[in-house]
Amino acid sequence: MPSPTTPPEPATPEPVTPEPVTPAPVRDVGPGYREQLEQGYVFGSVLTFGQRPLVVEEAQLDAWRPDVAVLGAPFDLGTTNRPGARFGPRALRTNAYEPGTFHLDLGLEIFDWLEVVDVGDAYCPHGRVEASLDNIKAKVASVVNRGIVPITIGGDHTVTWPAATAVADRYGYGRVGMVHFDAHADTADTIDGNLASHGTPMRRLIESGAIPGRNFVQIGLRGYWPGQDVWDWMAEQGMRWHLMDEVHRRGLDSVLTDAIGEAMDGVDHLYVSVDIDSLDPAYAPGTGTPEPGGLASVDMVRAMRRLAMETPLVAFDVMEVAPAYDHADCTVNVAHRLIMEILAGLAWKRRQRGEQPSADRPRR
Ligand code: MN
Ligand code: MN
């Protein structure tokens, strides 16, 4: 028996497991490319969303580790009326005037707090609906499967079918809610026998189980379509909607509070989809199916900001910008600003969490 003064046997040292090392992000595009980006839309030659770097190789995307990736889906074969939304991605990258990057209301430099890249377009070969939609789904998946927030620029609203399916594939069927701004419900079964129309994507998403009907909330619906049979189907799915008439009476801010609660009831993630025709044609004439009596841009920019700030937003899209019908770039600029408000809201959320911007984060 050891005496009380005997020093204890030295403990066998525990094997040391090295801390997993996350490599620092690599965000280098080279000085010449950087210089072109810094010149801005008017004088530069690199036309990306918000003059963000173009990162099209998946290995480079892995190294870059952005928070958000903007992508284009130049598809309009699902359009029932005026075509041309295939030019939406190009217009938002080139025709919107560059507004600066400091958000006045939030008092923050957006890109100091949020790393955003442009990952280019999904390939949408003309006349080939299935191939196009498959490519859009794969492009969104290549972003969301890395935990990056995809911001998809349409394209007609058919695009939201593959885009939101990719998001549900990542986060789980039944785990993602939807807030959908539109003049139209887009819940028809078929149109002209077509399952993949811009009037049917929301039905496809509910039928597949990607988005639960009871978490599917629509805002801004008005006009003269669809008919009673479709509203009956929507009610059977447990869908919730806020007609433009209700928004007109109560105000968008108040309606949005309800919509967020409805969409998030029992799910953990949110997809927000904006048909630009949810806005009144006075603000957004450049679209295929304009419907008078719609939302005002002054309310919509604030709604986007709130959605990004207050919800677990994992994906966003802006659809149906058809620049050939635009006047004075009104539609292009408001669509661009809806995305800027989402980015500002996400940046604000990072600042609230105290996530310091990384030192190597380039301004552009
Ligand atoms: Mn619409
Ligand atoms: Mn739509």
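In this predicted model, helix 12 passes helix 13 in a right-handed crossing. Helix 12 covers residues 297–310 and helix 13 covers residues 330–352, and their axes come within 7 Å, crossing at roughly 30 degrees. Angles under 35 degrees count as roughly parallel, so helix 12 is described as roughly parallel to helix 13. On the side of helix 12, the contact is made by Ser297, Met300, Val301, Met304, Arg305, Leu307, Ala308 and Met309. Helix 13 contributes Val334, Arg337, Leu338, Glu341, Ile342, Ala344, Gly345, Leu346, Trp348 and Lys349. Sorted by class, the residues of this contact comprise 12 nonpolar, 2 polar and 4 charged.

A second pair of helices can be read in the same way. The axes of helix 6 (residues 129–144) and helix 7 come within 8 Å and cross at roughly 40 degrees. With this angle, helix 6 and helix 7 are therefore oblique to each other. Their crossing is right-handed. From helix 6, the residues Leu133, Ile136, Lys137, Val140, Ala141 and Val144 take part, and they meet Trp161, Pro162, Ala163, Thr165, Ala166, Val167, Asp169 and Arg170 of helix 7. This contact holds 10 nonpolar residues, 1 polar residue and 3 charged residues.

Next comes the sheet. Strands of a sheet pair through backbone hydrogen bonds, either parallel or antiparallel. Here, 8 strands form an open sheet in the order 4-1-5-10-9-6-7-8, and their pairing is parallel. Strand 4 (116–121) and strand 8 (240–243) stand at the edges; each has a single partner strand, so one side of each is left without a neighbour in the sheet. On average, and ignoring direction, neighbouring strands of this sheet are turned by 15 degrees against each other.

One pairing within the sheet can be followed down to single residues. Strand 5 (residues 149–154) and strand 10 (residues 313–319) run parallel and are joined by 3 bridges. Isoleucine 153 has valine 318 of strand 10 as its bridge partner. Helix 7, spanning residues 160–171, packs on the sheet and touches strand 1 (68–73), strand 5, strand 6 (176–181), strand 9 (269–275) and strand 10. The direction of helix 7 makes about 175 degrees with that of strand 10.

Technical notes: Residues numbered from 1 in each chain as written. Chains lettered and ligands numbered in written order. Predicted model: local features only at pLDDT ≥ 70, side-chain atom pairs only at ≥ 80, totals over all residues. Pairing = 2+ DSSP bridges. Helix = DSSP H or I, 4+ residues; strand = E, 2+ residues; numbered from the N terminus. Axes fitted to C-alpha atoms, helices over the stretch in contact; angles between N-to-C directions. Contact = placed C-beta atoms within 7 Å. Parallel < 35°, antiparallel > 145°, perpendicular 65-115°, else oblique. Left-handed = near helix turned anticlockwise from the far one by under 90°. Nonpolar A, V, L, I, M, F, W, Y, C, P; charged D, E, K, R; others polar.
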